[in-house]
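Student: I would like to go through this structure by question and answer. Please keep to what the coordinates show.

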Amino acid sequence: MTTAQTFLAVALSVIFLPLGLAKIAALPFMRQAAAHLGMSPGLYRVIGMLETAGAAGLLLGLASVPLGVAAAAGLTVLMVAAAVVHLRHGDPPGQALPAAVLALTAVAYAGVAIAAG
């Protein structure tokens with residue numbers, strides 16, 4: 001395990017865990033975001049569960065590289081899909097950028113984890 005692997009796992013988890021929990025709890029701003037994207041609160045809760053599981057998987061990946069890489073892969077797919085959904089709904093590219101950056105960061109984590117593995 002390297003410092004970069006630990007840093008990326010913790011940084012991504014600090015981002016995904018609260019966002020995932022907010023979606024699961026269907027907080028008002030998350031219900032509004034779901035409605036903006038044409039998604040039901042139930043679907044947004046599922047996305048929140050995936051984000052929360054991904055955050056946990058990244059942290060557990062510090063002890064088990066394959067688990068961390070799998071979590072990073074799942075979060076990468078989820079964030080690429082998020083960026084596509086934003087663009088398809090006519091949002092400006094700047095609104096899709098955070099998802100794209102998170103996808104690239106998850107790929108970086110996977111690369112570092114595999115190299116350290």
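Student: Which residue with a positive phi follows H1?
Tutor: This is a predicted model in which local features need pLDDT of at least 70, side-chain atom pairs count only at pLDDT 80 or more, and totals for chains, interfaces and linings use all residues. Residues are numbered from 1 along each chain as its sequence is written, and side-chain values use heavy atoms, with hydrogens and water left out. Helices are DSSP runs (H or I, at least four residues), numbered from the N terminus. The residue after H1, with a positive phi near 55 degrees, is Ala-26.

Student: Where is Ala-26 found?
Tutor: Ala-26 is not a glycine, although its phi is positive at about 55 degrees. Ala-26 counts as buried at 8% relative accessibility, where buried means under 20% relative accessible area, exposed over 50% and partly exposed in between, with a 1.4 Å probe and protein chains only. Its place is the loop between H1 and helix H2 (28-36).

Student: Which helices cover the buried residues of H1?
Tutor: The buried residues of H1 are Gln-5, Leu-8, Ala-9, Leu-12, Ser-13, Phe-16, Gly-20, Ala-22 and Lys-23. Packing is judged by contact, meaning heavy atoms within 4.5 Å. What covers these residues includes H2, H3, H4 and H5.

Student: At roughly what angle do the axes of H1 and H5 cross?
Tutor: Two packed helices are described by the angle between their axes and the distance between the axes. Axes are lines fitted to C-alpha atoms, for helices over the stretch in contact, and angles run from 0 to 180 degrees between N-to-C directions. The axes of H1 and H5 come within 9 Å, and the crossing angle is roughly 150 degrees.

Student: How many residues of the contact of H1 with H5 are nonpolar, polar and charged?
Tutor: On the H1 side the contact includes Leu-8 and Phe-16, and on the H5 side Leu-102 and Tyr-109 are among the partners. For the classes, Ala, Val, Leu, Ile, Met, Phe, Trp, Tyr, Cys and Pro count as nonpolar, Asp, Glu, Lys and Arg as charged, and the others, Gly among them, as polar. The contact divides into 13 nonpolar, two polar and no charged.

Student: How is H4 oriented to H5?
Tutor: The axes of H4 and H5 come within 8 Å and cross at roughly 165 degrees. Angles under 35 degrees count as roughly parallel, over 145 as roughly antiparallel, 65 to 115 as roughly perpendicular and the rest as oblique. That makes H4, relative to H5, roughly antiparallel.

Student: What is the handedness of the crossing of H3 and H4?
Tutor: The axes of H3 and H4 come within 8 Å and cross at roughly 150 degrees. A crossing is left-handed if the near helix is turned anticlockwise from the far one by less than a right angle, and right-handed if clockwise. The crossing of H3 and H4 is left-handed.

Student: Is Ile-114 buried or exposed?
Tutor: Ile-114 lies in helix H5. Beyond its neighbours within four places in sequence, Ile-114 is in contact with Val-65 and Val-69. With a relative accessible area of 55%, Ile-114 is exposed.

Student: What distance separates the C-alpha atoms of Leu-60 and Ala-9?
Tutor: Leu-60 is found in helix H3 and counts as exposed at 51% relative accessibility. Leu-60 and Ala-9 are 51 residues apart along the chain, and the separation of their C-alpha atoms is 9.1 Å.

Conventions:
Helices (H or I, at least four residues) and strands (E, at least two) are DSSP runs, numbered from the N terminus.
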